[in-house]
There are 2 protein chains.
Amino acid sequence: MKSQDLTTHISLAHGNGGRLTRELVDELFAPLLANPLLDTRQDGACVSVNGTEIVLTTDGFTVQPLEFPGGDIGSLAVHGTVNDLAVMGATPLYVTLSVIVEEGLDAAQLRRVITSLGRAAAAADVSVVTGDTKVVRRGEGGGLYLSVTGVGARNKAFDLGLTHIKPGDAVLVSGAVGDHGVAVLLAREEFGLRGEVVSDCASVLPLTAALAAIPGVRFMRDPTRGGLATVAHEISHGSGCGMRLVYDAIPVREPVRAVCEILGYDPFYLACEGRVVAVIDGEHASSAMAAWRALPQGRDAAIIGTVTAGPARVVLETSLGGERMLEELEDDPLPRIC
Amino acid sequence: MKSQDLTTHISLAHGNGGRLTRELVDELFAPLLANPLLDTRQDGACVSVNGTEIVLTTDGFTVQPLEFPGGDIGSLAVHGTVNDLAVMGATPLYVTLSVIVEEGLDAAQLRRVITSLGRAAAAADVSVVTGDTKVVRRGEGGGLYLSVTGVGARNKAFDLGLTHIKPGDAVLVSGAVGDHGVAVLLAREEFGLRGEVVSDCASVLPLTAALAAIPGVRFMRDPTRGGLATVAHEISHGSGCGMRLVYDAIPVREPVRAVCEILGYDPFYLACEGRVVAVIDGEHASSAMAAWRALPQGRDAAIIGTVTAGPARVVLETSLGGERMLEELEDDPLPRIC
């Protein structure tokens, strides 16, 4: 799939979160919708209403199957939205819900995922304040799609931005990567594999809140579609700095590693739905680690690399002491993963 | 299609804006997502962030075809969102955009509709501040679905609410009904009919702004999915009052009437995308009419009926001096109309 294909038709790889997604955004959406508030390098926006700063984010959820070990499209939609606000240093307050249902969807399944969505919202202390439902004909939808918009209040404890990142900063991840991607993959039962992997789908609010008291936090992002590798590239591209990641330091659960080896996936490119990648002044990295490891959802947190001087690229130090480039995601390993 | 079918599968009629949509919302979404801020009789919500009141609305857009005379899914998505804020008496400020694309969509068509979306946003003075794009496999989408959330500032000139409505109030419509529905129907070219009908798809901000200076404005709504008849029922159900509409007073363009007669549709149930239905203290109805008729988009405005004492029901006075009940929409005349 070459980049010039954007000029003819949209491909699955335009939705993988990697290079072609970035090109679709940079070449089509960004110029056509340009305005001073639109920063397509962010997962949200900070805007002002009558002098009050609010943070907005929106996401479409198309995961297939609709229910998987550890979650479903309903809880995923709330967590994905709450997490985008959390990593922007905002306190989530409200969400809106747009539902697109395919004719023939099992009403009991719709009831289960909306129940789950309501519970996830209540647990994260956000209210679903308005919504809309459309029904499309059989064969014109994938069962159920949700689009959720989140509204948050800016938390002044954080001053985050890609441009604050400096060589010498530490790169941290709050837990093992690839769980969500592998859990959904196994739930599809396409590969004749079964496994005990459960999605990490969860609110990251406790993780981001734990960093509010740590000085030197430059940037946070949840590594969803495109995984850790894609966030590493976003940080590198956005800051103009390089990044060195240490292969052996990146936590990957054994069953996730095993499934990836069998099927030929790289866990660094698989979606997480309850992790945070943070860039922190190297001096304060160990305080941040201690704060995360004190939490149940942070006990596998690790310092996985460092920010280096430019050029913008991501280098992976391998187990054998060598190094290789961690390339930007090109093809489409897992459509409808989130 | 009986109501109890909700217990098994979702049908197209659950998305028509009529009785089954209301039951889906009342029996599934409302109880499962209940919180003090969720009022499913409204097209949006008024919420507070650090003491500042903001108005939120969200809508999914699934219109087929993606481009039609007078508009396309891009301009429709902006106008639909801006109009929901406008009729709530809010000033639209920001929109967010969630895009779900089907693999294989013509990239030139995507570019055209996003260009149109950007122009509609600029014309309505709203900024697209954040977005998200997902790509689903061929056969799992209908080309392109958009979900747009709008954020507005509350305009204190209005004090609107269904509970403010009283017997004796006048019911006004800002222009002819059914244009959007018929324009999209003809654009589908399924019926071997051609016509000159153009969608009324437009911002209603000038119309709502014109009423800001008129006393006694109780309620405004844009009659989209389900048309004028559905809004009449929403007003009647929500206020507990009855409504009498006068058939001959309701403006319907001649080509719209002709297409409806041939195909057996009732224009009162067809979507408008640039009209306002307003309920106004009877004493001030003529001032409101004068304000609307002074505008190019209001020159066909009409007083079409009156609010009566309960029970909640909508009666239509026919041309021949008789009367009949204007029933709530039951079946699904036009899926993917907006």
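These legends accompany close-up views of a predicted model. Local features need pLDDT of at least 70 and side-chain atom pairs pLDDT 80 or more, while totals for chains, interfaces and linings use all residues. Residues are numbered from 1 along each chain as its sequence is written, and side-chain values use heavy atoms, leaving out hydrogens and water.

**View 1. Helices α4 and α7 of chain A cross at roughly 60°.** Here α4(A) spans residues 179–187 and α7(A) spans residues 254–263 (helices are DSSP runs of H or I, at least four residues, numbered from the N terminus). Their axes come within 10 Å. The two helices are therefore oblique to each other (angles under 35 degrees count as roughly parallel, over 145 as roughly antiparallel, 65 to 115 as roughly perpendicular and the rest as oblique).

**View 2. Chain B and chain A bury about 6,800 Å² between them.** Carbon and sulfur atoms give 65% of this area (accessible area, 1.4 Å probe, lost on putting two parts together, summed over both). In chain B, Ile10(B), Lys134(B) and Val135(B) lose the most area to chain A, together 9% of what that side buries. Each chain brings 77 residues to the contact.

**View 3. Lys134(A) pairs with Asp59(B) in a salt bridge.** The N to O distance is 3.9 Å (the rule asks for a side-chain nitrogen of Lys or Arg within 4 Å of a carboxyl oxygen of Asp or Glu).

Definitions and conventions. Chains lettered and ligands numbered in written order. Axes fitted to C-alpha atoms, helices over the stretch in contact; angles between N-to-C directions. Contact = heavy atoms within 4.5 Å.
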